[in-house]
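Subject: Structure handover

Hello,

Here is the structure I promised to pass on. Please open it next to this message and read the two together.

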Amino acid sequence: MEKKKIKILIAKPGLDGHDRGAKVVARGLRDAGFEVIYTGLHQTPEMIVNTAIQEDVDIIGLSILSGAHMTIFPEVLRLLKEKGATDIHLFGGGIIPDEDKEKLYQMGVGKLFDPGTKISEIVEYINNLFKEKVSE
Amino acid sequence: MTIKEYLKKFEEGDERALSKIITIIENGYEESKEILEYIGKRTGKAYRIGITGPQGSGKSTLIAKLAKRLLSKFKEIGIIACDPSSPFSFGALLGDRIRMNELFLEKGIFIRSMATRGSLNGLAYKTKEVADILDAFGKEIIIIETIGVGQVEVEISNLVDTTIVVFVPESGDGIQVLKAGLTEIGDIFVVNKSDRIGADILFYELKNLIEMSYQNSKWKPPVILTQAVNNYGIEELEKEIINHYNYLIENNLLEEKRKKAVIRELVNNFENEILKILWQSERVKKLFEKVVEEVWEKKITIEEGVKKLIKEVKYVK
Ligand code: B12
Ligand SMILES: Nc1nc2c(ncn2[C@@H]2O[C@H](COP(=O)(O)OP(=O)(O)O)[C@@H](O)[C@H]2O)c(=O)[nH]1
Ligand SMILES: [Mg+2]
């Protein structure tokens with residue numbers, strides 16, 4: 001029997017074009033053995049959550065460098081709840097000030113990674129997440 | 001949730017249940033058998049379209065535009081987009097959705113990306129089963145995109161009712177590409193990126209080749225010029241798909257084609273199972289080792305060795 005493959009949606013919301021980080025992370029996670037779905041620029045929260053549900057991903061990772069994180073993260077959380085998909089883990093990275101990070105963590109967002117993060121740190125985070133999930 | 005509960009939700013049209021059920025099948029979980037039994041009785045209503053052709057030829061873009069057009073006639077459309085798994089990390093970067101953004105908020109459209117996970121026929125392992133699930137869910141049209149095959153991966157044509165083969169001016173080496181297996185499986189041929197230099201030449205080369213190859217065939221595959229990014233030629237593509245559908249129906253070929261596919265699947269699975277059973281037999285394994293030695297020591301020929309093994313087969317339970 002095949003082992004469960006971890007599926008991750010890397011999404012780039014917002015109107016800006018800063019997609020380098022999202023692409024670097026998507027490729028890095030592919031090389032680490034994950035199945036990664038990348039959907040391109042300008043994703044709205046609705047598009048992100050619809051995709052996550054249809055693809056049955058385990059994790060959504062948002063890349064936000066534009067400053068819109070305080071609206072986008074909560075909206076994605078809200079939609080996940082609305083669709084009964086709270087088992088999907090939401091995390092991300094980009095330019096997010098520490099005080100905002102705290103607020104987002106409080107709301108239930110997973111770890112947020114800063115510029116300069118190594119892919120191996122992200123991989124370790126995901127693997128730990130799954131160790132916990134499996135042993136639950 | 002139990003499988004029964006998932007299937008109940010599935011029947012009610014719940015997208016998340018559909019999605020979870022696909023995952024179970026894709027991963028080959030224990031519950032697969034129960035699900036496939038349920039699904040198997042409910043397929044056959046959807047019309048299946050396959051799109052193949054070289055990587056980067058515009059398949060995903062074409063699917064997006066085509067699906068958008070088809071939405072005016074059909075409410076329920078399923079899309080399966082295959083992408084290769086890395087043979088090194090076994091991970092995959094599934095990027096077909098990048099070209100399909102305009103479909104993400106369309107009610108009735110369900111897109112599933114699938115990694116090949118080592119399958120070598122241009123499709124993911126469970127592509128057929130996932131198409132069956134979408135069919136049973138009530139999708140009227142199912143479009144399947146291959147990973148972008150080169151020349152030999154023609155399996156897609158066994159899975160669908162209409163096969164579309166996409167070429168682009170830069171698919172290169174003109175005629176050489178055209179001579180490969182892909183020209184034999186197409187029901188419709190598309191020259192995409194016709195905004196690019198060389199499209200006309202390719203178009204005429206392809207047209208000539210198809211006309212010659214299909215001289216004695218009742219269905220003459222059309223060749224269409226498209227520019228998927230500019231939404232050009234999609235109307236004609238839709239028209240030709242409907243033409244091909246009508247052709248299959250009028251000549252009673254749709255059922256025949258689907259039955260052939262069932263026979264193929266049965267033969268494949270039967271043969272695989274037989275081999276598995278044979279190799280599980282201790283007697284066969286033992287005899288095989290003995291035969292290897294005898295052949296190696298030139299006591300018997302390969303043919304004689306095979307005969308010995310065949311005699312053993314009848315003792316296998
Ligand atoms: C390169 C860049 C651009 C490029 C973008 C090219 C592209 N295709 O991506 C260009 C020149 C187009 C650009 C334009 C603009 N930019 Co600019 N840009 C940058 C810059 C210098 C680097 C970003 C980058 O690519 N880094 C490399 C990648 C690999 O790193 P990363 O994205 O940070 O990703 C890492 C981590 O953050 C994390 N991560 C990121 N996403 C995710 C997701 C997940 C799931 C995970 C786990 C981790 C993760 O992991 C990654 C790997 O370590 C930053 C400054 C900075 N130092 O970050 C400004 C910056 C982001 N830009 C900025 C601005 C303002 C703009 C402009 C509006 C105008 C301007 N001043 O130039 C325009 C917007 C144009 C538009 N329509 O989008 C501001 C944003 C300010 C803010 N947030 O309030 C910044 C911060 C510069 C600044 N200090 O003012 N920009
Ligand atoms: N010039 C041109 N580019 C196109 C056309 N159709 C698609 N493309 C581009 O070709 C690239 C590959 O398209 P994609 O749909 O991903 O191809 P696939 O790999 O076959 O699925 C993308 O950058 C598209 O925007 C077209 O008609 N003309
Ligand atoms: Mg594609």
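Which residues coordinate the magnesium ion (ligand 3)? They are S60(B) through OG, D96(B) through OD and E145(B) through OE, at 2.1 to 2.2 Å. Donors here are N, O and S atoms within 2.8 Å of the metal (3.2 Å for Na, K and Ca); water is not among the atoms, so sites may look incomplete.

Some ground rules before the rest. This is a predicted model, in which local features need pLDDT of at least 70 and side-chain atom pairs count only at pLDDT 80 or more, while totals for chains, interfaces and linings use all residues. Residues are numbered from 1 along each chain as its sequence is written, chains are lettered from A and ligands numbered from 1 in the order in which they are written, and side-chain values use heavy atoms, with hydrogens and water left out.

**The magnesium site**

In sequence, the donors follow the spacing S-x35-D-x48-E. The site links distant parts of the chain: S60(B) sits in helix α4 (residues 59–70) of chain B and E145(B) in strand β5 (residues 141–145) of chain B, 85 residues apart. Helices (H or I, at least four residues) and strands (E, at least two) are DSSP runs, numbered from the N terminus. S60(B) and E145(B) are both buried, meaning under 20% relative accessible area with a 1.4 Å probe and protein chains only.

**Ligand 2**

17 residues surround ligand 2, and the closest are G56(B), K59(B), S60(B), T61(B) and D195(B). A residue counts as near if one of its heavy atoms lies within 4 Å. Helix α4(B) gives the largest share of this shell, three residues. The shell holds three nonpolar, eight polar and six charged residues. Ala, Val, Leu, Ile, Met, Phe, Trp, Tyr, Cys and Pro count as nonpolar, Asp, Glu, Lys and Arg as charged, and the others, Gly among them, as polar.

Polar contacts are pairs of N or O atoms within 3.5 Å. An N or O atom in the side chain of R99(B) is 3.1 Å from an oxygen atom of ligand 2. A backbone N or O atom of A228(B) lies 2.9 Å from an oxygen atom of ligand 2.

**Ligand 1**

Look at chain A next. H18(A) lies in the loop between β1 (7–11) and α1 (20–31) of chain A. Of the 25 residues around ligand 1, the nearest are G17(A), H18(A), S63(A), L65(A) and T117(A). A polar side-chain atom of S63(A) is 2.7 Å from a nitrogen atom of ligand 1. Strand β4(A) gives the most to this shell, four residues.

How many residues of β4(A) are buried? Six of its six are. One side carries H89(A), F91(A) and G93(A), the other L90(A), G92(A) and G94(A). Strands β3(A) and β4(A) pair in the parallel sense over six bridges; pairing takes at least two bridges found by DSSP. S63(A) has G93(A) as its bridge partner in β4(A).

**An enclosed helix**

Back to chain B. Why is helix α5 (residues 127–137) of chain B largely enclosed by the rest of the structure? Because 10 of its 11 residues are buried. Among them are V130(B), I133(B), L134(B) and F137(B), along with E129(B) and D132(B). Just after α5(B), G138(B) takes a positive phi of about 115°.

Best wishes

Definitions and conventions: Buried means under 20% relative accessible area, exposed over 50%, partly exposed in between (1.4 Å probe, protein chains only). A polar contact is a pair of N or O atoms within 3.5 Å; within protein, one must be able to donate a hydrogen and the other to accept it, and residues adjacent in sequence count only if both atoms are side-chain atoms.
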